[in-house]
Amino acid sequence: MKRVLLILYSIVLVFKSFSQNSDINASVSGSSISNSTVSELPGMYFPGVSKILIPGMTRSQFLDACAIQWLPLQSEIHEWKPLETHLNKQLNYPEIETLIQNLTGSEIAKAYVATVLSEDNRKIYALEIGRGSKKVVFTAGIHAREVGNTQFLLKFATILVDKYEQKDQMVVELLNNYCVVMLPCINPDGYSAAIEGNTSLNNRELFLALQDNTEIFKAKSNAKGIDLNRNFPTYSSSILWKSDEIRTPYISNSPSINYFAGYRLGSENETKVVMNFLIRNIPYAFRYVDFHSAGRLIYAGKPHLSDEFNDLCDSTGKLIRNHTRYTLYGVNHEDSGNGTDGTITDFAAEIASGFVFNEKLGRLAPHKADSLIQKVDEVHYKCSVNTIETLRTSRREGYGLLRTSTPEMHVNEWLKYRLEELFFKLIKE
Ligand SMILES: [Zn+2]
């Protein structure tokens, strides 16, 4: 806990020092921005950068994210009962909450709820299983329709806890040495909407509540129509540097079921909760994986980060590929610089690389950065960062997942790609 506070404090300190430094103005061409921060000027042109599409975070908004706390859930069970979770039934969010609560009946599992709720007022949970010092981090469910991965993470969590309670020697030893930390459902409003349709939204005014169900079942966004996986305040978020024009169909400039980054980076409650979770955990982890469902792929590496960091990601990527035979995309496949950056793995990768909040830029940046955007040459914390895309619809329907995945698809994926064994490989260093 002390170390966590120290890290949060040092992040604040560093951006404090940036706030006293106005050098950034010198690197802005045709600058007349001395009284404003760069982040408040979408559309300004920078040397080496074409355009910033949306503003970054202010210092107080970033501090709000740092100040989120995680309250421990108290166990209501005093005698452990095995928890069987079956993938052939789609759990709704209240059932997931019950399952998380029940996991805390074991001394090896701890659950926490964030002090900030989702935009439609649902609780966001983190789970910690194990007492070891070697930490591995998993997240899932940032995209609404990709509901399978939340269940995969929770199924693995119950397998670990059940085996521990049955005194399975391998698992007891594993959990004495390792700790698995997960955020199983980042976007609980989107998850609920993708399973139960528009009537699941509490606030009837929100974007998703106003959509018809055919649209909702295709949705990736949160309840407000914002793609959380574009909303993170990272060095390259919402920046065009490959060309002056938006040249991808994957950008929306208003609330949408897909591809809208928001009106400001870090604007969404879910984004802030995840930022806080990653700032707390990445410095102590050796591996982080975020789960999506767009066609049996693995992503490894970020073009603006160090070769050393990208090598770490490559080696986890190969471990996953060798087990699943999913296609591995390396650093050259990472689509960067077309305005679609600002993902959860961009944020985690930049924390691993020692980036800090830069008030002038309104986002994370390298320690001594005075401009957007430069390649860095070191890794700060030795934590690999990867995306796994499970599941795929048929070729006829397209490459990735185009609507809410089904329990049948989840059962098939779990068995065919031996995902339980994959998780066991991922949690070992
Ligand atoms: Zn996704």
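This is a predicted model: local features need pLDDT of at least 70, side-chain atom pairs count only at pLDDT 80 or more; totals for chains, interfaces and linings use all residues.

Of the 429 residues in the protein chain, 51% are buried. Where contacts link residues at least 6 apart in sequence, 80% of them join residues at least 24 apart.

| Helix pair | Angle | Axes | Handedness of crossing |
|---|---|---|---|
| H3 (residues 93-103) and H4 (residues 148-165) | about 25° | 11 Å apart | left-handed |
| H2 (residues 59-66) and H8 (residues 269-281) | roughly 65° | within 8 Å | right-handed |

Helix H3 and helix H4 pack at an angle of about 25°, which means that H3 is roughly parallel to H4. On the H3 side the contact involves Ile96, Leu99 and Leu103, and these residues meet Thr150, Leu154, Ala157, Thr158 and Val161 in H4. Sorted by class, the contact of H3 with H4 consists of six nonpolar and two polar residues, with no charged residues.

The axes of helix H2 and helix H8 cross at roughly 65°, and the two helices are therefore roughly perpendicular to each other. Asp64, Ala65 and Cys66 of H2 make this contact together with Lys272, Met275, Asn276 and Ile279 of H8. The contact of H2 with H8 comprises four nonpolar residues, one polar residue and two charged residues.

Definitions and conventions. Residues are numbered from 1 along each chain as its sequence is written. A residue is buried if 20 or more other C-beta atoms lie within 10 Å of its own, exposed if 12 or fewer, and partly exposed in between; C-beta atoms are placed from the backbone. Two residues are in contact if their C-beta atoms, placed from the backbone, lie within 7 Å. Axes are lines fitted to C-alpha atoms, for helices over the stretch in contact, and angles run from 0 to 180 degrees between N-to-C directions. Helices (H or I, at least four residues) and strands (E, at least two) are DSSP runs, numbered from the N terminus. Angles under 35 degrees count as roughly parallel, over 145 as roughly antiparallel, 65 to 115 as roughly perpendicular and the rest as oblique. A crossing is left-handed if the near helix is turned anticlockwise from the far one by less than a right angle, and right-handed if clockwise. Ala, Val, Leu, Ile, Met, Phe, Trp, Tyr, Cys and Pro count as nonpolar, Asp, Glu, Lys and Arg as charged, and the others, Gly among them, as polar.
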